[in-house]
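I opened the notebook to look up a pocket, a helix and a side chain. The entries follow in that order.

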Amino acid sequence: MELQTLQKDMIAAMKAKDKVRKDAISSLVSAVKKVAIDEGCRDDIKPELVDRVILKELKSVKEQVDTCPADRTDEYQARYDIINEYAPKLLSAEEVKIILTERFADVLATKNKGQIMKAVMAELKGKADGKVINQVVAELCK
């Protein structure tokens, strides 16, 4: 996802007077800019960084949906749905298992879960959910 796309969508939401959508996208844009500044790439924001921040924001909004009072779930759920539109598609458990067996067969043979996770996470971070990767690795280590 490109930062410019988020900014254009935020402007479109402002023009449409869609406050919920504008607020959700605005929070994404500011989070991306903050991380870019922290990492020292303020002028050259890569799509991978944007995707990583979107996934992090999506996770935090999901936690808010789960913990908020019942009368406010609609507000948080709407925000979650909007952010989810921009989130990159993550690999399923089956796809992760295929990648692990094809590319990491030598590491899988050790049955050392920590060593496997270290090797796998470097490549699959941002492409698959960490919990899914952990479950697949645990299953393959049995």
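Which helices each supply at least two residues of the lining of the largest pocket? I found helix H3 (47-67), helix H4 (73-86) and helix H8 (130-141); helices here are DSSP runs (H or I, at least four residues), numbered from the N terminus.

I noted that this is a predicted model, where local features need pLDDT of at least 70, side-chain atom pairs count only at pLDDT 80 or more, and totals for chains, interfaces and linings use all residues. Residues are numbered from 1 along each chain as its sequence is written, and side-chain values use heavy atoms, with hydrogens and water left out.

Pocket entry. I looked up the lining and found 23 residues, with Leu-55, Lys-56, Lys-59, Ala-128 and Asp-129 nearest the centre of the largest pocket. H3 gives the largest share of this lining, ten residues. A pocket is an open set of points on a 1 Å grid over the protein atoms alone, where a 1.4 Å probe fits, with protein on both sides within 12 Å along at least five of seven lines; lining residues have an atom within 4 Å of a point.

Helix entry. Among the buried residues of H3 I listed Leu-55, Leu-58 and Val-61; buried means under 20% relative accessible area (1.4 Å probe, protein chains only). The buried residues of H3 pack against helix H1 (3-15), helix H2 (19-38) and H4, and contact means heavy atoms within 4.5 Å.

Side-chain entry. I placed Ser-27 in helix H2. Ser-27 counts as buried because its relative accessibility is 17%.

Technical notes. Buried < 20%, exposed > 50% of the residue type's maximum accessible area, 1.4 Å probe, protein only.
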